[in-house]
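Here is a short report for a reader new to this structure. Please look at the model first, then follow the sections below.

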Amino acid sequence: MNQNTYFRKNFTPSVYLVTQKFGSQYTPEQLFRVVRDGLLPGRALYPRLVCVMTTWCTLKCRDCNNLMSCYEHPYHLDPDLVLKDVEKILENIDTLTELELIGGEPFIYPDLDKILDRVLSNKKILFVSLTSNGTVLPKEDILKKLANSRVRIEFSDYGVKTQKLDELTALFDRYGVKYDRNPDLCWVSPGGVEKRGKNKVRLAKEYKNCFAFKYCSTILHGRLYHCSRGAHLTDLGYMDCPEDSFDIHAKRDRASFRRDLKKFWLFPYTMACDYCDHALGNKVPSGVQVGKEEK
Ligand SMILES: C[S@@+](CC[C@H](N)C(=O)[O-])C[C@H]1O[C@@H](n2cnc3c(N)ncnc32)[C@H](O)[C@@H]1O
Ligand code: SF4
């Protein structure tokens, strides 16, 4: 991995996010920030961080990548600890193109207001997104905070009966919240949680071809993981590879933080791929519920 890889993992995805995903809402200043912090020596740009707020979910999807249906005792994370993790990373970089707030289901997280206030007041974050299964109508105070030019909601339209997407999108239109409704989601079976025993060459090849390679760095309990599945495999006790994640709060100065973060970010593989079948590309219908053959 070299400077070219760093560019491909930071600059190119950031330009894509700003001009495509947030194409209808970005400002020239936001694009300038990406160009400046992605190209100038000594500046640090990170394309996307995924921040887990809760493992509670209102659905139980059989093939959930993030293993939410495996939590026997789901929990909400302490908002102060969540913010401490995010802010520690932000202190040490110049620009984060997108912060995704995720669960489980983000709209059942009781401290979402606090998280939104703090992350939206941090100008190092260009955009904040939330991915929701569209089963819960947020309260008015949350809707008002979401009606912000830097926020975008991604609704996963699984076609499950308990989803309220027509009601939700009408509500969001009324409050001026920007969203995408994503039907026909192409899901791939991640397989079981057992270790497969792949070699490093194969792990590197699979990681490089996965969405996670550029877009899925996930924060959970003071550590940064290469992908959300890896974070939850560890949290659930199926994977135990501390060297596979970045300790956000380890004692180090700013220069060492940046150096170690870059080293983590450019590491050629993640052990999470050894617990995942994504590379096989076996398509499955999205949102099939545990114990049911249909939605
Ligand atoms: C784990 S969900 C959490 C957010 C929310 N509960 C939802 O379902 O949208 C985050 C994203 O992962 C996607 N996802 C989950 N399992 C997947 C799989 N097996 N293949 C592809 N995408 C998957 C979901 O469609 C969603 O866009
Ligand atoms: S994919 Fe399904 S189970 Fe997983 S977090 Fe989203 S709604 Fe919940």
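## A loop glycine and the basis of the model

Gly 104 is found in the loop between E2 and helix H4 (112–121). Helices (H or I, at least four residues) and strands (E, at least two) are DSSP runs, numbered from the N terminus. The peptide bond from Gly 103 to Gly 104 is cis, with omega near 20 degrees.

This is a predicted model, in which local features need pLDDT of at least 70 and side-chain atom pairs count only at pLDDT 80 or more, while totals for chains, interfaces and linings use all residues. Residues are numbered from 1 along each chain as its sequence is written, chains are lettered from A and ligands numbered from 1 in the order in which they are written, and side-chain values use heavy atoms, with hydrogens and water left out.

## Ligand 1

Gly 104 also meets a ligand. A polar backbone atom of Gly 104 is 3.0 Å from a nitrogen atom of ligand 1. Such a polar contact is a pair of N or O atoms within 3.5 Å. Taken alone, ligand 1 exposes 550 Å², and the protein buries 85% of that. These areas come from the Shrake-Rupley method with a 1.4 Å probe.

In total, 17 residues surround ligand 1. A residue counts if one of its heavy atoms lies within 4 Å. The closest are Asp 63, Asn 65, Ser 156, Tyr 158 and Val 188. By class, the shell has 7 nonpolar, 8 polar and 2 charged residues. Here Ala, Val, Leu, Ile, Met, Phe, Trp, Tyr, Cys and Pro count as nonpolar, Asp, Glu, Lys and Arg as charged, and the others, Gly among them, as polar.

## Ligand 2

Which residues surround ligand 2? They are Cys 57, Leu 59, Cys 61, Cys 64, Met 68, Gly 104, Asn 133, Tyr 158 and Trp 187. This shell has 7 nonpolar and 2 polar residues, and no charged residues.

## The sheet

An open sheet of 8 strands has the order E5-E4-E3-E2-E1-E7-E8-E9. Its pairing is mixed. Two strands pair if DSSP finds at least two bridges between them. Strand E5 (179–182) and strand E9 (246–247) stand at the edges, each with a single partner strand, so one side of each has no neighbour in the sheet.

E1 and strand E2 (residues 95–102) run parallel, joined by 7 bridges. Cys 51 has Leu 101 in E2 as its bridge partner.

## Another loop

Leu 67 lies in the loop between E1 and helix H3 (79–92). Leu 67 is not a glycine, yet has a positive phi of about 65 degrees.

Terms used
Polar contact = N/O pair within 3.5 Å; in protein donor to acceptor, adjacent residues only side chain to side chain.
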